[in-house]
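Subject: Structure for you to look at

Hello,

Here is the structure I said I would pass on. Please open it first, and then read the notes below next to it.

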Amino acid sequence: LCAGSVRVKNVQNTMLKNLLDACGAAVAFYLVGYAFSFGGQNDTTATTFLGNKSFAQIDDAAFWFFQYTFSATSVTIVAGTLAERCQMAAYLCYSVVLAGFVYPVVAHSVWSNNGFLSITNIDPFLNIGTVDFAGSGVVHLTGGTTALFATMVLGPRRGRFYDAQGEPLETPKAFPGHSVALQLLGTMILWFGWFGFNPGSALVLGIPEYGQAAANAAVSTALAGAAGGVSALFTNLYIEERRTGEPHFSLLFAMNGCLSGLVAITSGCALLEPWAAIVVGIVAGWLYIYVSGLLIRLRIDDAVDAIPVHMANGAWGLISTGLMASPRFMQLCYGTDEYVGWFYSLGRGSFSAHLLGCQVTTAAFILGWTFFTMFPFFIWLNYKGWLRADSLEELVGLDISYHGSMDFKEGGVKKEYVEAYKRHKGNIRERRTNNR
């Protein structure tokens, strides 16, 4: 998906960064991430900020691998947003920090038995705790928020919002990806993978009826993804027809609408009725369109629209669970229907919003934690000169400047840019060495 969303001159660099996501996250999660997330959760009932056991150790291989895939997913969200202008060194640094420390704190707080927001805590927050079944908040909101802070510090791609003199462009310049086919292939692969993440999370519940919970999660996942795609496609069609008089069916909006619906349903996939999953998907498609347009108006450059897909809809996923979690599925999955979605509470004649309060608190905690940790970290990387690629490197493309194995004509790069880069390559490397 990311490779198809960038220009030809940055394809290799983007693919390598996605590969390194899996590599860096695996090592970091093995050494410290898993221990911080779940270490010692069965040894004590005390509420803790971090796990303190199982460093560089795997007690339950199946559980470790399942949780590692979540951490790697959270890390890879950031890569697309920063595509085409981020240095390799910075990418490696924040990947390790996110997978090894920042993400594990969130996972521990929400999913560990000792987490202060966990529904499995012996004394859960607001008597119920947070329901984030497969990670709308833990995975997607964490990754999406990190992406927002990162691109705010990094700045937009050259020519996206400003001209060569630094003056704002009246109309932002679009940088379309080089392959819609790769984007669609990536979207379909992700959708297929979601049927592993969401229904698979039912196995962690440890209940005899896990099959029923997994089946409902699969149904909700399919319906929300479909509703999100249709919602974004036809809403954008209506907006474009009103704005230009020419209706266009946008494959890009349909794909990102599907992903938005999938992100949003991830929190409550096993707990929502089918009609509620459709509602979640429809709203997710609308939210994607609004936030994507808002970023452009604010001149925040997100190369693959990861922020509206993952951050905005990760938050919506948490909130939607607090609104529409079904009593019968709460009873099935967690053994209680005392605290359910707020709409159901209203139907009972009660204004109890305990679950909704937990969900909103979790979203606020994730936003605050990532701001407190990752925003200063990116500012520090930028101060050291390790974050943004040099302007010449960006002009010729990161494939040439970091990998040296692309025909500049094929990538649409002007020959004089390549020659200028070759003349100044030594100076660029010298400046970076002096900044260390």
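In which loop does S54 lie? S54 is in the loop between α2 (11–38) and α3. Please keep in mind that this is a predicted model.

S54 is worth a look for its backbone. Most residues other than glycine have a negative phi. S54 is not a glycine, yet its phi is positive, at about 75°. With a relative accessible area of 6%, S54 is buried, because the cut-off for buried is under 20%.

R299 is another case of this kind: a residue other than glycine with a positive phi, here near 60°. R299 lies in the loop between α9 and α10. Its relative accessibility is 27%, so R299 counts as partly exposed.

The whole chain

The chain has 16 helices and zero strands. Along the principal axes, its C-alpha atoms fill a box of roughly 70 × 55 × 30 Å. For 436 residues, a compact globule would have a radius of gyration near 22 Å, and the chain agrees with this because its own value is 22 Å. Of the 436 residues, 55% are buried. Among contacts with a separation of 6 or more, 74% are between residues 24 or more positions apart.

Helix pairs

Start with α3, residues 61–81. How far apart are the axes of α3 and α6, and at what angle do these helices pack? The axes of α3 and α6 (residues 180–200) are 12 Å apart, and the angle is about 125°. The two helices are therefore oblique to each other. The crossing of α3 past α6 is left-handed. On the α3 side the contact involves F66, T69, F70 and T73, and on the α6 side G196, F197 and G200. By type, the residues of this contact are three nonpolar, four polar and no charged.

α3 also meets helix α4 (residues 88–111), where the axes come within 9 Å and cross at roughly 130°. This pair is therefore oblique as well. Here α3 passes its partner α4 in a right-handed crossing. From α3 the contact takes in Q67, F70, S71, S74, V75, V78 and A79, which meet Y91, Y94, S95, L98, A99, Y103 and W111 of α4. The contact of α3 with α4 has 10 nonpolar residues, four polar and no charged.

α9 passes α10 in a right-handed crossing. Residues of α9 in the contact include W275, V279, V283, L287 and V291, and those of α10 include I307, P308, A312 and W316. The residues of this contact divide into 16 nonpolar, three polar and no charged.

Not counting residues up to four places away in sequence, H140 touches T73, I77, G135, W194, V263, T266, H310 and M311.

Q359 is in helix α13 (residues 354–383). Its relative accessible area is 0%, so Q359 is buried. Once neighbours within four places in sequence are set aside, Q359 is in contact with T130, V131, S267, L318, I319, T321 and G322. Q359 and T321 are 38 residues apart along the chain, and their C-alpha atoms are separated by 7.6 Å.

N236 lies in helix α7 (residues 210–244). N236 is buried too, because its relative accessible area is 5%. Its contacts, leaving aside neighbours within four places in sequence, are H248, S250, F253 and I289. N236 and I128 are 108 residues apart in sequence, and their C-alpha atoms are 39 Å apart in space.

Regards

Conventions: Residues are numbered from 1 along each chain as its sequence is written. This is a predicted model: local features need pLDDT of at least 70, side-chain atom pairs count only at pLDDT 80 or more; totals for chains, interfaces and linings use all residues. Side-chain values use heavy atoms; hydrogens and water are left out. Axes are lines fitted to C-alpha atoms, for helices over the stretch in contact, and angles run from 0 to 180 degrees between N-to-C directions. Helices (H or I, at least four residues) and strands (E, at least two) are DSSP runs, numbered from the N terminus. Angles under 35 degrees count as roughly parallel, over 145 as roughly antiparallel, 65 to 115 as roughly perpendicular and the rest as oblique. A crossing is left-handed if the near helix is turned anticlockwise from the far one by less than a right angle, and right-handed if clockwise. Contact means heavy atoms within 4.5 Å. Ala, Val, Leu, Ile, Met, Phe, Trp, Tyr, Cys and Pro count as nonpolar, Asp, Glu, Lys and Arg as charged, and the others, Gly among them, as polar. The radius of gyration is taken over C-alpha atoms; the globule rule is 2.2 Å times the number of residues to the power 0.38. Buried means under 20% relative accessible area, exposed over 50%, partly exposed in between (1.4 Å probe, protein chains only).
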